[in-house]
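Thanks for coming. I will go through a few salt bridges and then some helix packing.

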Amino acid sequence: MADIKNTRNGWMTPGNILTAIILVGGLIITFIRFTQGIGAVTNLDNNYPWGIWIGFDLLCGVALAAGGYVTSAACYLFGLKRFHSAVRPAITTAFLGYFFVVIALTYDLGQPWRLPYPIFYSQGTTSLLFEVGLCVMTYLTVLFIEWSPAALEWLGLRKIRNVIVKLTLVLTIFGVVLSTLHQSSLGALFLIAPSKLHPLWYSSFLPVFFFISSMVAGLSMVIFEGTLAHKGLHDKMDKTHLDEADGVVFGFGKAAAFVLAGYFFIKTMDIAMDNDWHYLATGYGAWFLVEMLGFVALPAFLYALGVREKNKTLVRTGSVFAVLGIVVNRFNVSLVAFNYQLPADERYFPHWMEICISVFIVTLIITAYRFIANRMPVLFEHPDYKDAH
């Protein structure tokens, strides 16, 4: 009886109770959405057919899941083997991120059974959305295959696992190519709305901006999620993972500093090319400066200083600002600076149920990651597979 009581107390932690409340609430709202329609749970209208489920769940979700292709490319294409231990956590996060992006998309679209239609039944080959959908579907498949060795090792399926491991380089190349396509295409979606998107955010280089910022997101998320994992899943990490952790933080921090500096430069050049300086004196201009100085220049400085001084706290703080910067940028492009000319009473603000569903999706990702990391060889090397990392 004492063992049963201890087990029950082990499960009844504040975090698990909060998770259970969020999951139950999310399921209830899910039922309302799919039985009463999208209008029952959102504030979307003809001016704003895309809301927080696209701005946060999709645009931010895809960008923040970029750690998979960034880490795989660094390790397997550029030969930086010292980052081996970061590959599986990054691939796991990326796979879960993309999987739940698709789940979140069904809330916006409805009729989830029709998701394959644009690919297999009625292709709109001249549409950017077709390209995004095709790439995301294909890349999700690639990520599943890249992630599967961890599950196969857990299940003891050695032969299948060994075949997939031999495909690592091919899968990495596929992943980089597909990520380049759809990360940039998400920015290209807004090229058709020059009159609706504020000039400070609208640019013919939006696809380039989205792709470069996804690299920042990937590098920063590896550092950020590593920080969280070291706090919550430290007991699951083996000696190799712990020994290489500092190298990952400083190596990815250095790369992120360079990419952020380049991103800041090309964004400034874009303003100069379009002669948009006068907009900086407006309210939107002030918010644009907050984004550029507070969430681009500041994390770049924190990364550079942290790497130079070998200060992990500064680098990890920089990753927090960089991740927040990705969220701020995607929100600005898709919501804040979109339809900027409309009066305040016609602007979109998400319904509380929209926010709850987004929190529900994030909670599902965290719960799934914890389940996988606690059971499968993601943060440690399986003793029977010495070539796993």
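Let me begin with E153, which is buried, since its relative accessible area is 2% and the cut-off for buried is under 20%. Keep in mind that this is a predicted model. E153 makes a salt bridge with R88, and their closest N and O atoms are 2.7 Å apart. This pair links distant parts of the chain: E153 sits in helix α7 and R88 in helix α5, 65 residues apart. R88 is buried as well, at a relative accessible area of 11%. R161 joins R88 and E153 in a network of salt bridges.

In the whole structure, the search finds five salt bridges. Another one pairs D246 with K312, with 3.2 Å between the closest N and O atoms. Here D246 belongs to helix α11 and K312 to helix α13, 66 residues apart. D246 is partly exposed, at 33% relative accessibility, and K312 is partly exposed, at 30%. R308 and E309 also form a salt bridge, 2.8 Å from N to O. R308 is exposed at 62%, while E309 is partly exposed at 43%.

Now the helices. How do the axes of α4 and α5 cross? They come within 8 Å and cross at roughly 155 degrees, so α4 is roughly antiparallel to α5. Their contact has seven nonpolar, five polar and no charged residues. The α4 side includes G67 and Y76, and the α5 side includes H84 and A94.

Last, α3 and α10: their axes come within 7 Å and cross at roughly 65 degrees. L59, A63 and L64 in α3 meet residues of α10, among them F210 and M221.

Terms used: Residues numbered from 1 in each chain as written. Predicted model: local features only at pLDDT ≥ 70, side-chain atom pairs only at ≥ 80, totals over all residues. Heavy atoms only, no water. Axes fitted to C-alpha atoms, helices over the stretch in contact; angles between N-to-C directions. Helix = DSSP H or I, 4+ residues; strand = E, 2+ residues; numbered from the N terminus. Contact = heavy atoms within 4.5 Å. Parallel < 35°, antiparallel > 145°, perpendicular 65-115°, else oblique. Nonpolar A, V, L, I, M, F, W, Y, C, P; charged D, E, K, R; others polar. Salt bridge = Lys/Arg side-chain N within 4 Å of Asp/Glu carboxyl O. Buried < 20%, exposed > 50% of the residue type's maximum accessible area, 1.4 Å probe, protein only.
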